[in-house]
Amino acid sequence: MSVIHFRKQLVAPPVVSEVPGISVRMFAAPDDVEPWLALRTRATASLVPAVRPWSKGDFHTEMTSKPWWRADHTWLAIAGDLRVAGAVTLALREGASESVPVIHWLLVDPAYQRRGLARSLISRLELAAWNAGHREVQLETHANWNAAVAFYQSIGYAPLRDRSPR
């Protein structure tokens with residue numbers, strides 16, 4: 001699998017952007033697991049290479065069981081029809097000398113893409129990282145997910161070649 005690692009330097013507190021008709025709240029377990037899984041299925045349906053479907057057990061294994069996972073570091077974007085339209089998680093991974101904030105599973109429902117929802121979610125994540133004293137955020141994405149690569153570059157993320165966020 002070909003993965004690109006990105007990073008962005010935070011030089012000032014990010015301004016949180018709002019999207020008309022969308023409210024954002026923190027994840028509430030266990031009630032939000034199924035809606036998050038349904039969002040993941042919708043958001044990744046057309047990706048090539050494809051991602052495998054997840055069950056509740058996978059969510060626990062890949063998210064809630066991890067030492068970096070916190071419900072208050074996962075934001076859900078809720079549309080007017082109460083559908084979960086987007087989500088993002090801030091993972092704090094242990095680096096060589098300090099914890100590194102990492103964007104983990106940015107998801108936007110295809111029906112809500114190109115409306116600023118991803119920018120809004122990322123701005124909340126970056127502000128949380130800033131408020132925790134971090135001045136850099138990292139992420140990884142598949143090199144062939146061209147829309148994701150272009151999006152991250154458009155909001156100031158640059159390839160990181162010298163180390164992985166993991």
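This is a predicted model: local features need pLDDT of at least 70, side-chain atom pairs count only at pLDDT 80 or more; totals for chains, interfaces and linings use all residues.

Visitor: How many helices and strands does the protein chain have?
Guide: The protein chain has four helices and seven strands.

Visitor: And what pattern do they follow along the sequence?
Guide: The pattern reads β-β-α-α-β-β-β-α-β-α-β. The radius of gyration is 15 Å, close to the 15 Å from the globule rule for 166 residues, so the protein chain is as compact as a globular protein of that length.

Visitor: What box do the C-alpha atoms fill?
Guide: Roughly 40 × 35 × 30 Å, taken along the principal axes.

Visitor: What share of residues counts as buried?
Guide: Of the 166 residues, 45%. The protein chain exposes about 8,600 Å², and carbon and sulfur atoms supply 54% of that area.

Visitor: What about contacts between residues at least 6 apart in sequence?
Guide: Of those contacts, 69% join residues at least 24 apart.

Visitor: Switching to charge: how many positive and negative side chains are there?
Guide: There are 19 positive and 15 negative ones, and the centres of the two sets lie 4 Å apart.

Visitor: Now Glu-126. Where does it lie?
Guide: Glu-126 is in helix H3, which covers residues 117-131.

Visitor: Is Glu-126 buried or exposed?
Guide: Glu-126 has a relative accessible area of 5%, and the cut-off for buried is under 20%, so Glu-126 counts as buried.

Visitor: Which residues does Glu-126 touch?
Guide: Leaving out residues up to four places away in sequence, Glu-126 touches Lys-8, Leu-10, Pro-14, Val-137 and Tyr-157.

Notes:
Residues are numbered from 1 along each chain as its sequence is written. Side-chain values use heavy atoms; hydrogens and water are left out. Helices (H or I, at least four residues) and strands (E, at least two) are DSSP runs, numbered from the N terminus. The radius of gyration is taken over C-alpha atoms; the globule rule is 2.2 Å times the number of residues to the power 0.38. Buried means under 20% relative accessible area, exposed over 50%, partly exposed in between (1.4 Å probe, protein chains only). Contact means heavy atoms within 4.5 Å. Accessible areas come from the Shrake-Rupley method with a 1.4 Å probe; for residues, only the protein chains shown count as cover. Lys and Arg count as positive and Asp and Glu as negative; His and the chain ends are not counted. The place of a charge is taken as NZ of Lys, CZ of Arg, CG of Asp or CD of Glu.
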